[in-house]
Amino acid sequence: MDQLAMLWEYQQEDMKAERLAKEMRRDPVRQKLEADRNLYQEKQKQHKQIEAQVAMMSDRKDAIRDAIARCEEQLKALTDRFETNPPEDLEGIRALLAEVNRCKDNIVSYENEMKRMVKESNDYETRQRSIRHEAAKARAEFEQLKVQYEKDQPAKKAALDAQRNAVKAKAEGIDAALMERYMTIRKHILPPMARLMGDQCSGCNTAQPSALLRKIRSEGDIVECETCGRLIIQ
């Protein structure tokens with residue numbers, strides 16, 4: 001048996017293994033497991049992000065409380081100064097009132113910011129409850145499906161392992177350079193080999209140039225389809 005014929009038989013077993021592996025990857029239970037796992041991980045990430053935002057907000061609240069306290073102290077100091085040492089002219093009164101108003105405006109601004117933050121805190125708390133609920137639901141469903149998946153998995157894995165052993169056996173005797181060429185094509189397209197049907201590549205149904213046809217039919221050269229890149233054999 002020539003090298004291309006051996007490689008063709010290898011491909012038959014290789015594609016059987018590929019189909020089994022694809023069936024395992026596309027197994028509905030496995031896909032749902034992966035979806036639940038990804039959802040759980042995403043909810044954990046969201047929860048940590050909110051915790052970080054809440055921590056930053058808590059620090060900001062402390063800073064605002066300190067700022068309000070300072071403004072109130074300044075306001076009290078201005079009031080005391082007015083009572084103990086009132087301004088002697090209109091300009092002094094205006095300057096003192098301007099300082100008082102700045103303190104009051106700052107206090108109002110800080111209080112408004114604090115109100116917004118309280119509302120945001122409540123919103124964050126609501127979101128955290130929702131995220132925890134969704135995460136717990138995904139985790140529970142994952143654990144339930146995992147039992148079913150692990151029950152069905154051994155038989156499917158054993159079948160795939162057996163088929164891969166058959167693939168390995170078929171590789172014996174095939175030239176290393178030819179196998180490397182097959183594997184290189186395999187990375188880009190499946191199956192990597194196709195038969196010549198008339199003057200067409202059976203992989204992509206494209207007619208081949210006459211020069212390439214001569215190489216396949218008479219010279220027995222190893223050629224690739226100019227359209228899809230598959231190895232073509234008769």
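1. Helix axes here are lines fitted to C-alpha atoms over the stretch in contact, and angles run from 0 to 180 degrees between N-to-C directions; helices (H or I, at least four residues) and strands (E, at least two) are DSSP runs numbered from the N terminus. The model is predicted, local features needing pLDDT of at least 70 and side-chain atom pairs counting only at pLDDT 80 or more, while totals for chains, interfaces and linings use all residues. Residues are numbered from 1 along each chain as its sequence is written, and side-chain values use heavy atoms, with hydrogens and water left out.

2. Helix α2 (residues 28-84) packs against helix α3 (residues 90-170) at an angle of about 165 degrees, their axes lying 7 Å apart, which makes the two roughly antiparallel (over 145 degrees). The residues of this contact comprise 28 nonpolar, 8 polar and 22 charged, where Ala, Val, Leu, Ile, Met, Phe, Trp, Tyr, Cys and Pro count as nonpolar, Asp, Glu, Lys and Arg as charged, and the others, Gly among them, as polar.

3. An open sheet of mixed pairing is formed by 4 strands in the order β2-β1-β4-β3, two strands being paired if DSSP finds at least two bridges between them. Because β2 (200-201) and β3 (223-224) stand at the edges with a single partner strand each, one side of each is left without a neighbour in the sheet. Helix α1 (residues 3-25) packs on the sheet and touches β1 and β4 (contact: heavy atoms within 4.5 Å), its direction making about 115 degrees with that of β1.

4. Strands β1 (residues 193-197) and β4 (residues 231-233) run parallel and are joined by 3 bridges; M193 stands opposite L231 in β4.

Definitions and conventions:
Angles under 35 degrees count as roughly parallel, over 145 as roughly antiparallel, 65 to 115 as roughly perpendicular and the rest as oblique.
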